[in-house]
Amino acid sequence: MSALPLATAELCDANPHLILNGELRALHPTFQIYGRRQVFSGQVVTLKVFEDNVLVREFLEEKGNGRVLVVDGGGSMRCAILGGNPVQQAQNNGWSGIVVNGCIRDVDEINGCDIGVRALASHPMKANKKGIGEKHVSVNIAGTRICDREWLYADTDGILISRSELTV
């Protein structure tokens, strides 16, 4: 993660050529903001699951090293695939943020954590525990293809994905 947070609007203004050639993309504005860290960035780790949070928890038990976990939960609104305990663990393990194409729960607990979280909504029901999913695969979220090892920049204006690390 950069020493100073980079504003998404500034990144867009400074890099019109990257927007034109598709190297810098904005996610559709469908995400709610959770967690105490409203501005975060880092290298992306991708995960694809559906109504199952075993692999989400496994990833967040690893050292984050400033990375951002991007979870394609298929946009499910039937249960939460992320809760307070894994988010607390992610904070303690040095993850910069988590973006969930799906629901979370334990919102008050998550909002107390020093980490950035984006999700579609909150839902009180918990996910399945089958351990089914795909790690380090390309995902399509909010109109944007996101690949493992790309870079994510998030703030209150939105979420950007870049093929490489950006500076202003």
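**Ground rules.** I number residues from 1 along each chain as its sequence is written, and side-chain values use heavy atoms, with hydrogens and water left out. Because the model is predicted, local features need pLDDT of at least 70 and side-chain atom pairs count only at pLDDT 80 or more, while totals for chains, interfaces and linings use all residues.

**Rings.** I searched the whole structure for aromatic pairs and got 0. A pair here needs ring centres of Phe, Tyr or Trp (its six-membered ring) within 6.5 Å; planes under 30 degrees apart would be stacked, over 60 edge-to-face and the rest tilted. I did find the charged end of Lys-135 over the ring of Phe-59, 5.6 Å from the ring centre. The cut-offs for that are NZ of Lys or CZ of Arg within 6 Å of the centre and within 35 degrees of the ring normal.

**Cysteines.** I counted 0 disulfides, taking a disulfide as two cysteine sulfur atoms within 2.5 Å. Cys-79 is in none, and its nearest cysteine sulfur, that of Cys-103, is 7.6 Å away. Cys-79 is buried at 6% relative accessible area, and Cys-103 is buried at 1%. Buried means under 20%, exposed over 50% and partly exposed in between, with a 1.4 Å probe and protein chains only.

**Cores.** I looked up nonpolar cores, meaning sets of buried Ala, Val, Leu, Ile, Met, Phe, Trp, Tyr and Cys joined through side-chain atoms within 4.5 Å. The largest has 25 residues, and Leu-69, Leu-82 and Ile-98 have the most contacts inside it. Its largest share, 4 residues, comes from α3. Helices (H or I, at least four residues) and strands (E, at least two) are DSSP runs numbered from the N terminus. Another core of 16 residues lies apart from it and includes Leu-27 and Val-139. I then listed what Leu-82 touches, with contact meaning heavy atoms within 4.5 Å. Not counting residues up to four places away in sequence, the list includes Val-56, Ile-98, Cys-103 and Val-117.

**Strand β11.** I checked residues 151–155: 5 of the 5 are buried, so β11 is largely enclosed by the rest of the structure. Trp-151, Tyr-153 and Asp-155 are buried on one side, Leu-152 and Ala-154 on the other. Strands pair if DSSP finds at least two bridges between them. β3 and β11 run antiparallel with 4 bridges, and Gln-43 stands opposite Trp-151. β11 and β12 (residues 158–162) are also antiparallel, joined by 5 bridges. Ala-154 has Ile-159 of β12 as its bridge partner, and a hairpin connects β11 to β12 through 2 residues.
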